[in-house]
Amino acid sequence: MLVVFFNLIILVVGAIIFFLIVGAAMDKRAKRRADKKNYSRYPGDPQAESPNFGFAKAPEPRVRHAVFKPVPKTRKKRGSLTNKDAAMTAIKKRLDSPRIVAASPRSVVSEAEIRAVLDKHEGLFCAGVCDAQYAEHTVKKKNGGTRLICAPSAGLLSLQNSLLHIFIRFPVSEAASGFEKGCSILDNAARHRGAAHMLQTDIENFFPSVTKRMFIDTFCPNLYRATAEKFWAAVSYKGGLPIGGPCSPFIANRVLLPLDNRIAAICAYDKITYSRYADDLTFTSDSYITPGFLVSVENAVRDFGFKLNYGKTRFTASRFHITGINVHNKKSVGGGARAEFTPGARYKSKLRREIYNYLVKNDGSGGRIGGKLSYLAQIEPEAARAIREKYSRYDKRNFFKILGKADK
């Protein structure tokens with residue numbers, strides 16, 4: 001009986017010791033995770049621990065504004081800058097640029113000017129909600145999905161065109177290379193020529209994710225509530241920006257100014273080139289871009305109320321495809337290569353077939369084919385010239401001649 005009693009005591013004591021050891025190990029592991037979560041590699045970027053380099057479900061947003069946290073000390077040589085000093089100098093220089101420094105909305109546009117435009121189209125607001133002024137239709141995507149296009153009515157389109165001159169007066173980031181004066185998809189691709197490594201990602205559900213709060217904070221924080229509500233109603237659809245509205249890309253570029261500045265600061269630390277064409281984010285560098293950098297970008301995008309689309313996120317090297325343009329580096333990785341631009345062999349082959357069918361079989365749309373040929377002439381002039389020369393013998397209706405006059 002005593003033997004059984006002593007065996008029970010030994011088992012109980014052993015179990016208590018085992019649970020104490022396991023509990024201490026779990027506490028130590030939780031503390032280590034908390035230390036990693038509070039450590040920031042990049043100045044101004046509160047980096048959180050994300051399993052699987054951010055590809056798992058993202059944690060909930062923590063704070064809206066960046067909190068500068070101490071960077072580990074590095075040994076500094078006499079007469080030289082540390083990594084922290086160099087990064088902060090680059091960030092300050094970039095944020096001091098006159099093109100990306102945010103201006104006060106009151107100094108850009110007055111409430112009287114906005115109300116003057118809105119009052120001219122008062123009938124649209126009296127008729128009811130502006131959402132009823134849109135017609136929806138879908139278009140097919142290359143990946144097989146569909147995109148919802150919301151076309152405004154003639155009256156609402158006139159109102160939005162009248163508001164365009166107000167939006168374009170607000171500052172925009174130098175990283176934004178889409179829908180702005182002097183910018184094109186070729187300019188966006190040319191920024192990354194000669195780089196060795198590239199990271200591409202996409203903001204999911206971009207235009208509908210721009211909220212009324214973002215809009216008011218950017219364009220009219222000091223206006224009366226009634227004016228701000230009407231201003232937002234004139235350009236929004238179902239709580240976001242419509243895909244197909246003339247003002248949507250200009251509004252989105254200016255709403256994303258703080259986010260572009262924050263991402264540019266992160267890129268300056270690692271000497272990475274950054275550009276954004278609408279919702280497409282492109283990063284290139286001469287050195288390897290780590291998944292940890294993607295986590296920092298994900299944190300910045302999430303803190304501003306957006307979400308990355310990891311289905312369109314990819315790391316590539318040497319040969320890039322940026323906003324529909326192939327950028328070929330003639331040398332191998334790390335060679336400081338010169339790049340040439342082309343829309344791709346498949347695009348040119350399809351265009352040749354369409355031109356032949358139109359000129360010989362009278363099948364197809366001349367305007368659509370002319371637009372594709374003009375696009376090719378912008379990206380790859382030699383290829384467009386070769387196509388004109390090859391099919392000019394079939395051109396009995398002077399299609400190329402008329403198209404050349406239209407281009408001029």
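Predicted model: local features only at pLDDT ≥ 70, side-chain atom pairs only at ≥ 80, totals over all residues.

**Exercise 1. Carry out the corresponding analysis for helix 11 and helix 12.**

Solution. 
- Step 1: the angle between helix 11 (residues 257–270) and helix 12 (residues 291–303) is about 165°, with the axes 10 Å apart.
- Step 2: helix 11 is therefore roughly antiparallel to helix 12.
- Step 3: the crossing of helix 11 past helix 12 is right-handed.
- Step 4: helix 11 contributes L259, R262, I263, I266, C267 and D270 to the contact, while helix 12 contributes F293, S296, V297, N299, A300, V301 and D303.
- Step 5: the residues of this contact between helix 11 and helix 12 divide into 8 nonpolar, 2 polar and 3 charged.

**Exercise 2. Check the spans of helix 6 and helix 13 against 1.5 Å a residue, and list the buried residues of each.**

Solution. 
- Step 1: the expected span is 1.5 Å times one less than the number of residues.
- Step 2: helix 6 (residues 154–167) has 14 residues and should span 20 Å; its end C-alpha atoms are 20 Å apart, which agrees.
- Step 3: the buried residues of helix 6 are L156, L159, Q160, L163, L164, I166 and F167.
- Step 4: helix 13 (residues 345–360), with 16 residues, should span 22 Å, and the separation of 22 Å between its end C-alpha atoms agrees.
- Step 5: buried in helix 13 are K348, L351, E354, I355, N357, Y358 and L359.
- Step 6: after helix 13 comes N362, with a positive phi near 55°.

**Exercise 3. Locate F179 and A278, and decide whether each is buried, partly exposed or exposed.**

Solution. 
- Step 1: most residues other than glycine have a negative phi.
- Step 2: F179, which is not a glycine, has a positive phi near 70°.
- Step 3: F179 lies in the loop between helix 6 and helix 7 (185–190).
- Step 4: the relative accessible area of F179 is 39%, so F179 is partly exposed.
- Step 5: A278 is likewise not a glycine, and its phi is positive, at about 60°.
- Step 6: A278 is in the loop between strand 4 (273–277) and strand 5 (280–285).
- Step 7: with a relative accessibility of 11%, A278 counts as buried.

**Exercise 4. Describe the surroundings of G145.**

Solution. 
- Step 1: the loop between strand 1 (134–140) and strand 2 (146–152) holds G145.
- Step 2: G145 has 26% relative accessibility and so counts as partly exposed.
- Step 3: leaving aside residues up to four places away in sequence, G145 touches V139 and K140.

**Exercise 5. How many helices and strands does the protein have, and what share of its residues is buried?**

Solution. 
- Step 1: the protein has 16 helices and 9 strands.
- Step 2: of its 408 residues, 43% are buried.
- Step 3: among contacts in the protein with a separation of 6 or more, 70% join residues 24 or more positions apart.

Notes:
Residues numbered from 1 in each chain as written. Heavy atoms only, no water. Helix = DSSP H or I, 4+ residues; strand = E, 2+ residues; numbered from the N terminus. Buried < 20%, exposed > 50% of the residue type's maximum accessible area, 1.4 Å probe, protein only. Axes fitted to C-alpha atoms, helices over the stretch in contact; angles between N-to-C directions. Parallel < 35°, antiparallel > 145°, perpendicular 65-115°, else oblique. Left-handed = near helix turned anticlockwise from the far one by under 90°. Contact = heavy atoms within 4.5 Å. Nonpolar A, V, L, I, M, F, W, Y, C, P; charged D, E, K, R; others polar.
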